[in-house]
Amino acid sequence: MNRRTVLIGTSAIGIAAFAGGALVLTRNRQAEADTLAAAAPAVETDMLVRGHAPSFGPEDAPVTLVEFFDPSCEACRAFHPVVQDIREQFPDQVRVVMRYAVFHEGSDEAVRILETARMQDMFKPVLDALLERQPEWAVHGAPRMDLAWQIAAAAGLDMEKAQTARLSPDIVGILNQDAADIAAIGVRQTPTFFLNGRQMRDISMDSLLADVRSAVEAS
């Protein structure tokens, strides 16, 4: 056996070991997700999915992902592309429901912007614009909500209609209901995700996508 044969044999063993390790990691991740899902208590669907909540995907989708998010939250901004990716990868299998958790100063006004945008069928472009430029307006201790409104207007929001509707009873009711559900469920930080009724814990951007994919494959 010459040196070249030994090197080829060693490389083959290394590749096989890497592939085997990847398979073990995948299986371990699935087993971990299954264990966490079984351990986490399910939350009543009515408290997670309200009729007023913005959602994407079919109502009868086999997998439901609920995100409690704060428009001013930096981590929510970081997770936003992953949630978008989930919607794009599983348009028929996953329903994404968004609930408001206004933990930061100025976030209630940001919700009013989003809800007036939803009245004009502009929710997604305005949400994307607000999150993209979040560092400019969501200044801790001194949020620039006037700038947030300007950003929404640049995204296509009709400001005259929005200003008329911003204090409507419907929007006040949404803020109050989401606040009540947050208190009842015990949501304390954003983003907080629930996958098919069970709270996801210790998540990362990679694990969120992986766990949703696993739920779709198991459905």
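A crossing of two helices is left-handed if the near helix is turned anticlockwise from the far one by less than a right angle, and right-handed if clockwise. In this predicted model, local features need pLDDT of at least 70 and side-chain atom pairs count only at pLDDT 80 or more, while totals for chains, interfaces and linings use all residues. Residues are numbered from 1 along each chain as its sequence is written, and side-chain values use heavy atoms, with hydrogens and water left out.

The protein chain contains 10 helices and five strands; helices (H or I, at least four residues) and strands (E, at least two) are DSSP runs numbered from the N terminus. Of its 219 residues, 42% count as buried, where buried means under 20% relative accessible area, exposed over 50%, and partly exposed in between (1.4 Å probe, protein chains only).

Two packed helices are described by the angle between their axes and the distance between the axes. Helix H3 (residues 74-89) passes H5 in a left-handed crossing. The two pack at an angle of about 145°, with axes 10 Å apart; axes are lines fitted to C-alpha atoms, for helices over the stretch in contact, and angles run from 0 to 180 degrees between N-to-C directions. Arg77, His80, Gln84 and Arg87 of H3 meet Lys124, Leu127, Asp128, Leu131 and Glu132 of H5, contact meaning heavy atoms within 4.5 Å. By class, this contact has two nonpolar, two polar and five charged residues. Here Ala, Val, Leu, Ile, Met, Phe, Trp, Tyr, Cys and Pro count as nonpolar, Asp, Glu, Lys and Arg as charged, and the others, Gly among them, as polar.

The backbone also deserves attention. Most residues other than glycine have a negative phi, and most peptide bonds are trans. Asp121, in the loop between helix H4 (107-119) and helix H5 (123-132), has a positive phi of about 60° although it is not a glycine. Asp121 is exposed, with a relative accessible area of 71%. Asn196 has a positive phi of about 50° and is found in the loop between E4 and strand E5 (198-199); Asn196 is partly exposed, at 40%. The peptide bond from Thr190 to Pro191 is cis, with omega near -5°. Pro191 belongs to the loop between helix H9 (169-185) and strand E4 (192-195).
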